[in-house]
Protein chains: 2
Amino acid sequence: MTDTAPRPTLEAVAARAGVSRATVSRVVNGGDGVRDILVERVRKAVEELGYVPNQAARSLVTRRHDAIAVVVAEPETRVFADPFFALQLRGISKELTAHDNQLVLLLTEGRDDHARVGRYLAGGHVDGALVFSLHLDDPLPELIQRAGVPTVFGGRPGWSGDRRGVVYVDSDNRGGARDAVRHLAGLGRTRIAHITGALDQTSAVDRLDGYRDVMVDADPRLIAEADFTPAGGERAMRELLDRCPDVDAVFAANDLTASGALRVLRETGRRVPDDVAVIGFDDMLPVAEQTDPPLTTVRQDIEEMGRLMARLLLRGLDRGTPQEGVGGTPSSVVLPTTLVRRASA
Amino acid sequence: MTDTAPRPTLEAVAARAGVSRATVSRVVNGGDGVRDILVERVRKAVEELGYVPNQAARSLVTRRHDAIAVVVAEPETRVFADPFFALQLRGISKELTAHDNQLVLLLTEGRDDHARVGRYLAGGHVDGALVFSLHLDDPLPELIQRAGVPTVFGGRPGWSGDRRGVVYVDSDNRGGARDAVRHLAGLGRTRIAHITGALDQTSAVDRLDGYRDVMVDADPRLIAEADFTPAGGERAMRELLDRCPDVDAVFAANDLTASGALRVLRETGRRVPDDVAVIGFDDMLPVAEQTDPPLTTVRQDIEEMGRLMARLLLRGLDRGTPQEGVGGTPSSVVLPTTLVRRASA
């Protein structure tokens, strides 16, 4: 068995050039998508160190793994408790499997683990990433950008950094919220409350904005903050009844929140929809059909969102320009929503 | 930027030697755990091809990824529908996170995708694998063995091949089943039926064996086959009532199956436990507490099983002999079960 003296590694080049391993990889393999100034720095480091990219390393960085990472920016307990994620994963799984790509779900206990997720993404184990349920102050988007992994986001990312090349799939959260509140107003309701989602997520902010679009002079006491969970919906509904006993309608940020609100309304002897009309968001089945009464809600096609995320990513990888659409313009997609009428409003 | 002529790759050596990439890796990095005859073949191929393991390739094969794959040999729809998997994953996730290892969940649509999972495992993306819910004719164990990835199984694997070095964590399924059936007999029941789990899984076979240990001369019509799902439990209970209307007790292979059986008993006007006593297996919460009446069941600590699987794997990786215990003997663990009495028996 033969062996040689240690040779400079990709890591050493990255350290010398002050760039990520992924950036070195891309330069060594053609330099696509790397700024000229960085390409120059990497080339200088390569020459200074006498780095020789070899076949194994090249295949390591150029070969397709036919594997796509999925990152849900929530603790694994939440991923398994909220059917939203199962539905989105179902769409993703179907699409990836149809293209013989492996779905690699990276689970965490919480935000403290996101640096480790970033390291895995940067480690060359997947061809791209699908990321959803981002929260505003999450370090994940930056870690992903540094990892240099082609990514499609589920839901419009809310961070304020450089958004060039960011591709996402979202629902028309603001338009859907407007439809819900208009429907409640059309029923003659005047004290229409809103229970928000987690306001560090753009979907919650957009739904609140849609509510405000219609309720331009809304009594601020009619807005109660929650977090997309049934327990959050219960707490917020109690607050609302406490502050505004005359509330006659509620638009809840999602169906799980609405189910919690319905429970509190029933406990406190309010009839739905006679005393208080309620509308949710998602049309999550069987939840929305099994509430008492069955829930009027804003439907978004969650499984289709997952499928579309996967399709956009795979198409981008095939074209070699994973984060940009035809002609270099980002190809994000915003899907329409529809109001589904059941008994609650 | 410099570059060299193509050099022989690890793959070329593997092809020449007629062994897997993983075997070449292990030989090149010390040869531990590879049969002498294979070591010789690899060394010959290395010399003939002039293969030079380089730093990058070495780090590729020796470096710890601090990532562990989890493979559930079920379609992703089942993974998200059956709380058993969420619980086992919870235990795994807690343990891996405590050791700063990334949980990499490989989801599939079904058995046709297991070859792809094998490829991912062989691709050097993880340090080890945790595999559960194996079915008898599943190609996965062989694919994993070929991939050369240290593995701990959840549940005793049932395949008939070489089992040396196989490490698993299981519950005492047979002993737990015996406890359940003895309890029913102790209540004076004489027509005790069993609804089985999926009989291509060892857990189901072991529970059936435990039933037979106690009911040595059982009427074969008292055994109905199901598949660990509520719908399967309903079907099997209808069969049983049809064949043996005098059945006075049922031991179901798990709590979900028992919940289906309870529904059918209620529909057909049987009182539980007065007319028919029912016992499940798992003590899956909240299922077991929310059935009508609450379910007497055999408790296994599913989350602890997951935690233990992860712990055994990580310990093995630290020792460098991931599949063997101290002194070379396999260190599989079988956890005890306990009967939890509620209202149904």
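## Basis

A residue is called buried when its relative accessible area is under 20%. The model is predicted.

## Nonpolar cores

The largest nonpolar core contains 62 residues. Those with the most contacts inside this core come from both chains: Val70(A), Phe80(A), Leu105(A) and Leu130(A), together with Val70(B), Leu105(B) and Leu130(B). When neighbours within four places in sequence are set aside, Leu130(A) touches Ile68(A), Ala69(A), Val70(A) and Val71(A), as well as Ile92(A), Val152(A), Met309(A), Ala310(A) and Leu313(A).

Another core, of 44 residues, lies apart from the largest one. Its members include Ala129(A) and Ile144(A) from chain A, and Ala73(B) and Leu140(B) from chain B.

## Aromatic pairs in chain A

Over all chains, the structure holds seven aromatic pairs. One of them is formed by Phe85(A) and Phe132(A), whose rings are stacked at 6.0 Å centre to centre, with 20 degrees between the planes. This pair links distant parts of the chain, 47 residues apart: Phe85(A) belongs to helix α6 (residues 83-98) of chain A, and Phe132(A) to strand β3 (residues 128-132) of chain A.

Phe85(A) has a relative accessible area of 3% and therefore counts as buried. Phe132(A) is likewise buried, because its relative accessibility is 1%. Ring pairs also bring in Phe84(A), which joins Phe85(A) and Phe132(A) in a cluster.

In chain B, Phe251(B) and Phe281(B) form a tilted pair, with 6.5 Å centre to centre and 55 degrees between the planes. Phe251(B) lies in strand β8 (residues 249-252) of chain B and Phe281(B) in strand β9 (residues 277-282) of chain B, so the pair ties together parts 30 residues apart in sequence. Both Phe251(B) and Phe281(B) are buried.

In chain A, Arg207(A) lies over the face of Phe281(A), at 3.8 Å from the ring centre.

## Helix α10 of chain B

Helix α10 (residues 202-214) of chain B has 13 residues. From first C-alpha to last, this helix reaches 19 Å, close to the 18 Å expected at 1.5 Å a residue.

The buried residues of α10(B) are Thr202(B), Ser203(B), Ala204(B), Asp206(B), Arg207(B), Leu208(B), Gly210(B) and Tyr211(B). Their cover includes α9 (173-186), β6 (192-195), β7 (223-224), β8 and β9 of chain B.

Conventions: Residues are numbered from 1 along each chain as its sequence is written. Chains are lettered from A and ligands numbered from 1 in the order in which they are written. This is a predicted model: local features need pLDDT of at least 70, side-chain atom pairs count only at pLDDT 80 or more; totals for chains, interfaces and linings use all residues. Side-chain values use heavy atoms; hydrogens and water are left out. A nonpolar core is a set of buried Ala, Val, Leu, Ile, Met, Phe, Trp, Tyr and Cys residues joined through side-chain atoms within 4.5 Å. Buried means under 20% relative accessible area, exposed over 50%, partly exposed in between (1.4 Å probe, protein chains only). Contact means heavy atoms within 4.5 Å. Rings of Phe, Tyr and Trp (its six-membered ring) pair if their centres lie within 6.5 Å; planes under 30 degrees apart count as stacked, over 60 as edge-to-face and the rest as tilted. Helices (H or I, at least four residues) and strands (E, at least two) are DSSP runs, numbered from the N terminus. A charge sits over a ring if NZ of Lys or CZ of Arg is within 6 Å of the ring centre and within 35 degrees of the ring normal. The expected span of a helix is 1.5 Å times one less than its number of residues.
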